[in-house]
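The following paragraphs lead the reader through a structure, from the meeting of its chains to individual residues. Please keep the sequence and the model in view while reading.

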Amino acid sequence: MILAQLMVNGIALGAAYALVALGFVLVLNATGAVNFAQGDLVMAGGFLAVALAGFIPDAPGFVLLPLVMALMALLGIAVSATAYLPLRNRPPVGVFISTIAVGIILQNGATVLFGPEPKAAAPLFGGGAFTIAGLQVPTQSIAVIATAALLIAGQYWLFTHTQLGRRLRATAQDPGMARACGIPVTSMIALTFALGAALAGAAGLLLSNQFFVTPSAGSGLILKAYIAVTIGGWGSLPGAVIGALLIAAFEVVVSYTLSYTAATAALYLALLAILAVRPQGLFGEASRRRA
Amino acid sequence: MPEALTRGLNPLLILAALALAAYALFGAGPYGLRVLTVAGVYAIAVIGYQAIFGQAGALSLAQGTFFGIGAYVTGILGSTSGFGFAVTFPLSILAPTLLALLIAVPVLRLESHYFALATLGIGQVVLLAAVEWQSLTGGANGIAGVPGIDLFGWRVGRGLPLALFVWTLVALGALLAWLLGHGRRGAAFPIMRETPVAARTLGIDIDRLRLEAFAVSAAYGGAAGALTAHTQRVVSPEVLEFPVMVTILTVAVIGGQGRIAGAVVGAVLLIHLPEWFRGLENGYLILYGAALLATIVAAPWGIVGSLERLRARLIPERPPAAPAASAPPARPTSKPSLPASSAPVLYVDGFGKRFGGVQAVSDVSLRLDRGRILGVIGPNGSGKTTLINLITGLEKADAGKLYVSDADITGEPPHRRALAGIARSFQTAALPSDSTVLEAVTAARIAIDSDIATARSHAMHFIVQAGIADLVHTRCGALPPGPRRAVELARALARQPLAMLLDEPAAGLTEDEQASLARRLRAAADDGIAIMIVEHNMPFLLPLADRILCLDEGRAIAEGTPGSIRRDPAVIAAYLG
């Protein structure tokens with residue numbers, strides 16, 4: 001019984017992590033750049049949901065979700081314009097530092113605006129729980145899983161079944177060739193950042209109800225996205241989702257049996273062990289290195 | 001005078017240093033002195049950080065962690081054991097250095113982004129440990145009652161004495177960093193930072209350089225942490241949190257990456273910044289973030305780099321005189337008693353390599369002989385470049401053996417193979433764009449010559465020989481394709497190799513340049529070098545080569561003289577036809 005309960009919690013957490021990791025991989029594939037601000041974008045999405053709830057009292061999360069995602073998409077475009085596009089032809093370390101700088105601004109901006117205390121956003125469809133086969137399932141957990149699944153499916157459909165998705169993939173594979181074929185590469189990159197930030201915003205809203213959001217949550221989240229992507233194979237979209245589910249399951253089980261601190265420490269140590277043994281990730285590298 | 005030293009000695013910087021000293025001695029109140037002391041502490045942390053981040057070019061996010069560990073060691077020992085500074089300070093340096101050496105094994109060979117995130121992860125583990133291990137660290141409350149600095153009975157008082165003590169350590173640390181980072185090691189850093197793959201094939205052991213730089217950064221981080229514990233008199237988990245790392249990174253970038261003076265200037269400026277913008281309270285980190293972003297986008301060379309550029313524009317500096325060329329002593333060829341033709345210089349026995357499902361190279365054997373040129377041809381994707389990568393060790397062969405002068409070097413890493421006598425060029429010339437031609441060719445000598453001046457003068461010999469002496473102070477990034485090739489060839493020849501492997505050396509050259517390249521290669525062969533040339537340009541290759549090896553889909557399909565290869569039906573079907 002407890003195991004089933006833990007599974008539901010783990011899948012819900014993993015679904016939210018998967019959104020974080022997906023946004024990270026989308027930008028990674030499109031630009032070859034690691035977006036260190038991804039965790040802070042999730043945090044920003046959480047606080048945006050909290051702030052919007054102040055303007056629209058009693059609005060459930062599913063009403064706020066499209067608003068948060070739209071605003072975060074704009075923020076994503078701003079990030080690409082200030083922190084990626086001016087540095088695209090320089091060594092990759094420049095983008096690492098510029099996105100770290102964006103993270104610093106977001107994190108401390110949130111501290112100044114909202115204070116350092118944890119905040120919670122509204123649940124998607126109100127609180128409460130229902131019972132299936134004697135199992136107490138929080139409505140929020142099911143709603144989080146459904147929403148994340150919907151967003152992941154939408155993202156998959158966009159990339160595989162639309163002209164825009166083909167252009168985005170072409171840009172990711174070979175920007176030079178894509179440009180030669182008449183694809184507006186710069187807009188595609190900005191759009192990818194917008195998508196990545198929108199997914200981060202959604203994850204922020206979903207996570208901040210059960211787990212709260214603090215301004216300093218970003219570095220923990222980017223590490224988890226990074227671990228998920230490393231486990232799932234650098235650059236692989238399905239791998240990112242699987243990796244996110246795995247680390248969430250690990251976290252939920254170890255937190256339950258030992259403590260949250262032990263879970264986090266074990267996760268990082270496991271990562272170091274993976275890197276020591278298989279630097280290319282557990283399932284190999286999906287994207288070729290662009291150094 | 002060594003340029004690394006003069007580069008930091010800008011008249012403006014000297015004036016600023018004097019003004020700062022006058023302020024400390026006569027103008028600053030107790031609070032001002034305290035801020036100056038903190039700036040000195042950060043200067044030490046960043047001088048160390050410049051080694052791994054600025055010079056080795058690896059974005060470590062563990063410097064704040066090393067700083068925090070140094071602080072905790074001093075805090076724990078100082079408050080409980082009663083040991084003085086003479087014991088706690090060295091231990092505070094030792095502990096993070098040992099940690100750096102320990103974690104270096106899994107993380108140092110990782111690529112840039114993996115390295116950055118792995119070091120961030122290590123920081124999180126240490127922070128968790130500091131909060132949870134309450135019996136040792138005092139948990140979230142930390143450790144109070146850390147004593148001041150007590151050195152063999154001499155107590156360093158608060159205020160001016162402490163500020164002077166810290167800044168004396170800054171000066172010593174800067175001097176030591178300069179001693180460590182100039183000369184041959186200093187010449188290796190730009191090559192290893194910008195073109196790490198090429199650096200390995202020049203005989204530079206970049207893994208070891210990175211390890212040393214990481215250990216040095218940890219030692220400085222620990223020293224700074226110890227001083228912060230003595231300054232604050234308390235140690236709490238704050239010293240391990242991300243804002244410390246943010247400050248260190250921001251100071252390094254804004255001051256000027258890789259520059260010792262940049263660390264000091266950046267620290268003084270950024271530690272004072274929050275004092276000048278008091279209204280911001282804790283929002284000063286937003287300012288750091290914005291300044292970091294603006295700097296990395298608009299002026300990635302930082303303040304000290306900007307001053308250098310400004311000076312270069314105001315007082316156009318004549319380039320330093322090129323060192324006098326001196327011919328290096330001839331490389332002792334192994335086993336000179338043997339007749340030149342009997343043993344191959346380099347022998348590949350059955351190399352094989354798979355990438356995923358593709359057999360890139362399959363059972364290829366070849367020999368390179370003294371004074372002979374082997375041409376390697378084949379369609380795109382037939383495994384030619386992979387073959388060079390396998391011989392130079394950049395890729396690991398799944399099967400086969402490699403011998404140089406009869407010695408089996410199959411298991412050796414790239415830099416050892418280079419030292420065994422293998423040199424190479426790259427398909428797209430891999431020159432560090434910010435280095436001058438002289439610096440780029442000198443890099444080929446630093447693993448051979450005993451000091452940098454000799455390396456430079458030997459490099460000059462090969463530059464003159466290549467006929468590019470007028471380009472000696474040109475930045476490699478500004479070179480047109482022809483001269484780029486010439487520089488790369490000069491760099492390969494400067495290694496005085498036994499065997500030289502060239503990847504499409506004639507690509508993009510004019511006919512005149514091709515003719516001159518062919519003459520130089522023939523002359524190099526006549527000097528006794530065994531040469532292998534991968535090339536698509538048959539009018540260039542066929543008259544030049546003594547023998548030709550043709551690859552197709554990773555297999556050797558024909559080998560023979562250029563004349564026989566031209567008539568070989570398999571070669572015509574696969575490639576020439």
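Two residues are in contact when heavy atoms of theirs lie within 4.5 Å. The model shown here is predicted. In it, 37 residues of chain A are in contact with 34 residues of chain B. The two chains bury about 3,300 Å² between them, and carbon and sulfur atoms account for 80% of that area. On the side of chain A, the residues that lose the most area to chain B are A:Ile97, A:Ile104 and A:Leu272, which together make up 16% of what that side buries.

Four helices of chain A give two or more residues each to the side that touches chain B: H3 (61–84), H4 (93–114), H9 (218–232) and H11 (260–277). H4(A) gives the most, with 13 residues. As for polar interactions, the count of salt bridges between chain A and chain B is 0, while 3 residue pairs are found in polar contact across this interface, both residues of each pair being at pLDDT 80 or more.

The largest nonpolar core has 247 residues, among which B:Leu59 and B:Leu249 touch the most other members. Helix H1 (residues 2–31) of chain A gives the most to this core, namely 16 residues. Domain 1 (3–313) and domain 2 (346–576) of chain B each provide at least three residues to the core. Which residues surround B:Leu59, leaving aside its neighbours within four places in sequence? From chain A, B:Leu59 is in contact with A:Val93, A:Phe96, A:Ile97 and A:Ile100. Its contacts in chain B are B:Tyr49, B:Phe53, B:Phe115, B:Ala116, B:Thr119 and B:Leu249. A second, separate core holds 26 residues, including B:Phe351, B:Leu390, B:Leu402 and B:Val534.

Chain B itself is divided into domain 1 (3–313) and domain 2 (346–576). The centres of these domains, taken over C-alpha atoms, are 42 Å apart. Their contact takes 17 residues from domain 1 and 28 residues from domain 2 of chain B. The area buried between the two domains is about 1,700 Å², with 66% given by carbon and sulfur atoms. In domain 1, B:Arg184, B:Thr201 and B:Leu202 lose the most area to domain 2, together 36% of what that side buries. The count of salt bridges between the domains is 0, and 5 residue pairs, both residues at pLDDT 80 or more, are in polar contact across their interface. Helix H9 (183–194) and helix H10 (196–201) of chain B each supply at least two residues of the side of domain 1 that touches domain 2. The largest share of that side, 7 residues, comes from H9(B).

B:Ile76 lies in helix H4 (residues 63–80) of chain B. B:Ile76 counts as buried because its relative accessibility is 17%, and buried means under 20%. Not counting residues up to four places away in sequence, B:Ile76 touches B:Ser81, B:Leu136 and B:Ile143. B:Gln496 lies in the loop between helix H20 (481–494) and strand E9 (499–503) of chain B. At 15% relative accessibility, B:Gln496 is likewise counted as buried, and its side chain is joined to that of B:Arg445 by a polar contact of 2.9 Å. A:Ile2, in helix H1 of chain A, is partly exposed, with a relative accessible area of 48%. The C-alpha atoms of A:Ile2 and A:Tyr256 are separated by 10.0 Å, although these residues are 254 residues apart along the chain.

Conventions: Residues are numbered from 1 along each chain as its sequence is written. Chains are lettered from A and ligands numbered from 1 in the order in which they are written. This is a predicted model: local features need pLDDT of at least 70, side-chain atom pairs count only at pLDDT 80 or more; totals for chains, interfaces and linings use all residues. Side-chain values use heavy atoms; hydrogens and water are left out. A nonpolar core is a set of buried Ala, Val, Leu, Ile, Met, Phe, Trp, Tyr and Cys residues joined through side-chain atoms within 4.5 Å. Buried means under 20% relative accessible area, exposed over 50%, partly exposed in between (1.4 Å probe, protein chains only). Domain bounds come from an automatic or database domain assignment. Buried area is the accessible area (1.4 Å probe) that two parts lose on being put together, summed over both. A salt bridge is a side-chain nitrogen of Lys or Arg within 4 Å of a carboxyl oxygen of Asp or Glu. A polar contact is a pair of N or O atoms within 3.5 Å; within protein, one must be able to donate a hydrogen and the other to accept it, and residues adjacent in sequence count only if both atoms are side-chain atoms.
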